[in-house]
Amino acid sequence: MAQQVRGVVAPGKGEPVRIETITIPDPGPGEAVVKVQACGVCHTDLHYREGGINDEFPFLLGHEAAGVVESVGDGVTGVEPGDFVVLNWRAVCGQCRACLRGRPWYCFDTHNAAQKMTLADGTELSPALGIGAFADKTLVAAGQCTKVDPAAKPEVAGLLGCGVMAGLGAAINTGGVGRGDSVAVIGCGGVGAAAVLGARLAGAGTIIAVDLDERKLATAAGLGATHTVRAGDGDVVEAVRELTGGFGADVTIDAVGRPETYEQAFYARDLAGTVVLVGVPTPEMRLELPLLDVFGRGGSLKSSWYGDCLPSRDFPMLIDLYLQGRLDLDAFVSETIPLDGVEAAFEKMHHGDVLRSVVVL
């Protein structure tokens with residue numbers, strides 16, 4: 001039987017979000033209804049509200065979430081009612097050429113729930129990243145639910161569903177940071193700070209945090225950065241080289257996603273080093289580099305989508321590290337807020353006042 005719950009809806013481009021009554025259908029084959037316990041306010045949600053993703057309004061926002069499975073549809077075997085899960089926005093298909101080659105983190109056919117959640121009047125909603133978790137409950141594909149240890153706090157566990165995983169994965173999975181490596185992270189918001197933490201977890205010897213905001217640099221230092229560089233005080237490339245014996249970093253991570261920061265990451269790496277782009281550029285951005293420099297410097301230029309993660313592998317492992325006290329995920333929760341605090345959280349995000357505001361239900 002369909003249920004009616006509260007949810008945060010973006011009604012139109014640039015319009016303030018509002019709380020609406022949402023109708024959640026019973027889960028169909030391969031689907032699950034999840035009672036949401038916590039959901040982080042991610043910059044991608046703001047992109048949806050501003051029309052930066054697509055124009056399929058109205059959107060049900062929220063995607064960085066954890067909760068408890070309430071019910072499942074036919075054919076679901078991976079989770080069952082009562083399981084504590086982190087939601088992910090890339091439920092792998094298991095059948096595409098990437099999955100069949102043993103690289104499911106590159107899955108070409110990820111899936112979401114087949115049924116639509118709606119407003120009370122029947123208007124279909126577009127759930128953010130196929131999740132829509134700024135709500136008391138949400139309907140997702142069962143493959144979007146990753147079971148983890150219920151001892152973890154929901155407001156912390158949910159952050160693995162997007163930003164923290166993107167940053168950690170950019171360092172560990174995409175960048176392949178190893179013991180003793182030097183790493184430079186350009187941009188130390190939520191994703192960049194997580195990249196710093198990932199580099200530390202991987203055993204990097206030198207971790208350089210770069211940002212314009214002293215507050216973000218202080219946070220990065222607390223998460224494991226061995227050096228900080230304020231981007232407005234001089235040449236970032238020269239500063240990174242100076243801190244790495246004149247060579248540049250083994251791995252540079254652009255967590256901003258602008259041509260200027262990517263160029264800094266490109267030239268701040270050592271010969272044969274790796275550049276990782278994890279910050280999301282906008283469609284109109286263009287990059288110009290001398291092709292001879294691309295050839296002559298060697299190494300790898302990579303992009304990191306969702307930290308090249310495999311949720312079934314990475315989420316439980318990272319939660320275990322958190323519960324062992326080896327991964328400080330609590331540092332990312334700047335504040336907890338009610339469901340009606342999302343619009344104010346967007347404003348705080350815009351001003352750089354928080355790493356993450358987290359809705360707790």
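Helices (H or I, at least four residues) and strands (E, at least two) are DSSP runs, numbered from the N terminus. The model is predicted: local features need pLDDT of at least 70, side-chain atom pairs count only at pLDDT 80 or more, and totals for chains, interfaces and linings use all residues. Residues are numbered from 1 along each chain as its sequence is written, and side-chain values use heavy atoms, with hydrogens and water left out.

**View 1**
H63 is found in the loop between β4 (59-60) and β5 (64-72). With a relative accessible area of 0%, H63 is buried (under 20% relative accessible area; exposed is over 50% and partly exposed in between, with a 1.4 Å probe and protein chains only). The side chains of H63 and D45 are joined by a polar contact of 3.2 Å. A polar contact is a pair of N or O atoms within 3.5 Å; within protein, one must be able to donate a hydrogen and the other to accept it, and residues adjacent in sequence count only if both atoms are side-chain atoms. Not counting residues up to four places away in sequence, H63 touches residues including C39, C42, W89 and C162 (contact means heavy atoms within 4.5 Å).

**View 2. The cis peptide bond at P58.**
F57 and P58 are joined by a cis peptide bond, with omega about -5 degrees. P58 lies in the loop between α1 (43-49) and β4.

**View 3. Helix α4 against helix α10.**
Helix α4 (residues 163-174) packs with helix α10 (residues 311-323) at an angle of about 105 degrees, and their axes are 12 Å apart. Axes are lines fitted to C-alpha atoms, for helices over the stretch in contact, and angles run from 0 to 180 degrees between N-to-C directions. The contact involves M165, L168 and N173 of α4, and R313, D314, F315 and L318 of α10.

**View 4. The setting of α4.**
Of the 12 residues of α4, 10 are buried, so α4 is largely enclosed by the rest of the structure. Among the elements that cover these buried residues are β5, α5 (190-201), β14 (249-254) and α10. Just after α4, G176 takes a positive phi of about 60 degrees.

**View 5. Y306 and D308.**
Y306 is in the loop between β16 and α10, and D308 is also placed in the loop between β16 and α10. Neither is a glycine, yet Y306 has a positive phi of about 60 degrees and D308 one of about 45 degrees. Y306 is buried, with a relative accessible area of 4%; D308 is buried, with 8%.
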